[in-house]
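Please look over the sequence and the fold before reading on.

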Amino acid sequence: MADVLRCCKLHFTYVALTAIFAQCTSVSGEATGATSLNQDNIDMTLASTELVFINFYAEWCRFSNMLQPIFDEASDKVREAFPEAGRVVMGKVDCDKESSIASRFHITKYPTLKVIRNGQPSKREYRGQRSVEAFVEFIKKQLEDPIKEFHDLKELRDLDDKKRMIIGYFDRKEVPEYQLFRRVATNLKDDCQFHVGFGTCSKEKCDIGQHLPLLDSSKAMHPPGQPIIVFRSDKALSNDDDETYHGSLTNYDELNIWAQEKCVPLVREITFENAEELTEEGLPFLILFHDSKDTESVKQYKDIVMNTMYDEKQNVNFLTADGYKFAHPLHHLGKKLSDLPLIAIDSFRHMYLFPNFQDIFVPGKLKAFLQDLYSGKLHREFHYGPDPNNNKIPQLEGKVPTSPPESTFKKLAPSKNRYTLLRDEL
């Protein structure tokens, strides 16, 4: 009898294990769910895959456990929709077991969803809906061709000049230079528009200006078969001429760095849609608040920042903000829409007002304002009044405030209720 019971137990155990195994494998025997990434396979996966979407999780995290079956199911559907090798992988990293990978990608909360394109992490984390349908739709959109092809010059003339764009001209789609161009476009499609034209030119009509009238600054002759790549800035905010790329057309890193510098501006616009990701960069904000119709002050601010404060880009986020949309921070600063344009610093602790917008034209004045933040001078003077050796800092209606206004932009940071923080932050 004991042998019979033992046999039954073994049979039931076998059946249970078989059922579990069936849940983890497909009919064809292939593993299902998200691909587990570790030190042994992550570098190869990132290097050989156009798009990798990673769920960084911890088994002890309640939110991670809620997300896991959803992410796994979405991975199965994505694998079915895009079966070709090297196109897309939905992966997962157990951050307790793979702590070095978690550190490498600066994971500060669970679960964190990151996109890596052509081996390069995107600055934007996934912040959309966490459902199977939303994940699948997100992947499909990420894999859409980022380049719009034009077929005649009229299409070029009708391009939206309020967008930053990179325009390429190649003999045909099959050339290696275009494949490299496409990789770069995939990385930067959220920051720039990419357009391309194909065809050949004769020796008599090889001037770029004859082919692409919009590329006004590109006047040099080029031989037949020579690809051209040109950057066009946002004409609403800049009068800069188009700039032709003169680097290697066979070196991915060189072209990608050039395109990134052009597509990701030094001065960005903050919106309610991108505020979370900007706050997560952890840098204080130097913000120009302006009327939505006032493009002149934006140009002036951008020029001052580019010409005098470029070396501060690692220390601060230079931003512009629609004063109407962000009226709440203005209210905290004691200002109204009629006071625009104005400049302020948000340190994520307090906000500090630059005394007079016109002072940006005084050499070194705006940069000194930023340096006063680093040194603690702004905070100190708000509490105790101007330093004895500096009588030029204006008083606020003749009174020294006891405390600067609190940060309003820190309230736009990701809600901690949506995540589990790391153990050392609990």
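Which residues do ring pairs link into a cluster? The model shown is a predicted one, and in it F53, F71, Y126, F135 and F138 are linked in this way.

## Aromatic pairs

The structure has 19 aromatic pairs. In general, such a pair is described by the distance of the ring centres and the angle of the planes. W60 and Y110 have ring centres 5.7 Å apart and planes at 85°, so this pair is edge-to-face. W60 belongs to the loop between β2 and α3 (62-81), while Y110 belongs to strand β4 (residues 109-110), so the pair ties together parts that are 50 residues apart in sequence. W60 is partly exposed, at a relative accessible area of 26%. Y110 counts as buried because its relative accessibility is 6%, where the limit for buried is under 20%.

F181 and F194 are another edge-to-face pair, with 5.8 Å from centre to centre and 70° between the planes. Here the partners come from helix α7 (residues 176-188), which holds F181, and strand β9 (residues 193-198), which holds F194, so the pair ties together parts 13 residues apart in sequence. F181 is buried at a relative accessible area of 1%, and F194 is buried at 2%.

## Charges over rings

For R62 the ring is that of F63, and the charged end is 4.6 Å from the ring centre. For R183 the ring is that of Y252, at 3.8 Å from the centre.

Strand β5 (residues 112-117) has six of its six residues buried, so it is largely enclosed by the rest of the structure. T112, K114 and I116 point one way from the strand, and L113, V115 and R117 point the other way.

β5 has pairing partners in β2 and β6. Strand β2 (residues 51-57) runs antiparallel to β5 and is joined to it by six bridges; within this pairing, N55 stands opposite L113. Strand β6 (residues 120-121) is also antiparallel to β5, with two bridges, and Q120 of β6 stands opposite R117. β5 and β6 form a hairpin with two residues between them, and N118 in the turn has a positive phi of about 50°.

## Helix α5

Helix α5 (residues 132-142) has V132, A134, F135, V136, F138, I139 and Q142 buried.

## The open sheet

In what order do the five strands of the open sheet lie? The order is β12-β14-β13-β15-β16, and the pairing is mixed. β12 (267-269) and β16 (351-353) are the edge strands, each pairing on one side only. From one strand to the next, the twist averages 30°.

β13 and strand β14 (residues 317-322) run parallel and are joined by six bridges. L286 has F318 of β14 as its bridge partner. Helix α11 packs on the sheet and touches β12, β13, β14 and β15, with its direction at about 155° to that of β13. Helix α13 also packs on the sheet, where it touches β13, β15 and β16; its direction makes about 20° with that of β15.

In soluble globular proteins, nonpolar side chains tend to be buried together. The largest nonpolar core here has 23 residues, of which L286, Y301, F318, I343, I345, L366 and F369 touch the most other members. Two or more residues of this core come from each of β13 (285-290), α11 (296-308), β15 (342-346), α13 (365-375) and α14 (377-384). L286 and F318 are also the bridge partners described for the sheet.

Leaving aside residues up to four places away in sequence, I345 touches F285, L286, H350, M351, Y352, F369, L370, L373 and L378. Another core lies apart from the largest one; its 22 residues include I147, V175, L188 and Y245.

Note on methods: Residues numbered from 1 in each chain as written. Predicted model: local features only at pLDDT ≥ 70, side-chain atom pairs only at ≥ 80, totals over all residues. Heavy atoms only, no water. Core = buried A, V, L, I, M, F, W, Y, C linked by side-chain atoms within 4.5 Å. Buried < 20%, exposed > 50% of the residue type's maximum accessible area, 1.4 Å probe, protein only. Helix = DSSP H or I, 4+ residues; strand = E, 2+ residues; numbered from the N terminus. Contact = heavy atoms within 4.5 Å. Pairing = 2+ DSSP bridges. Axes fitted to C-alpha atoms, helices over the stretch in contact; angles between N-to-C directions. Phe/Tyr/Trp six-rings, centres within 6.5 Å; stacked < 30°, edge-to-face > 60°. Lys NZ or Arg CZ within 6 Å of the ring centre and 35° of its normal.
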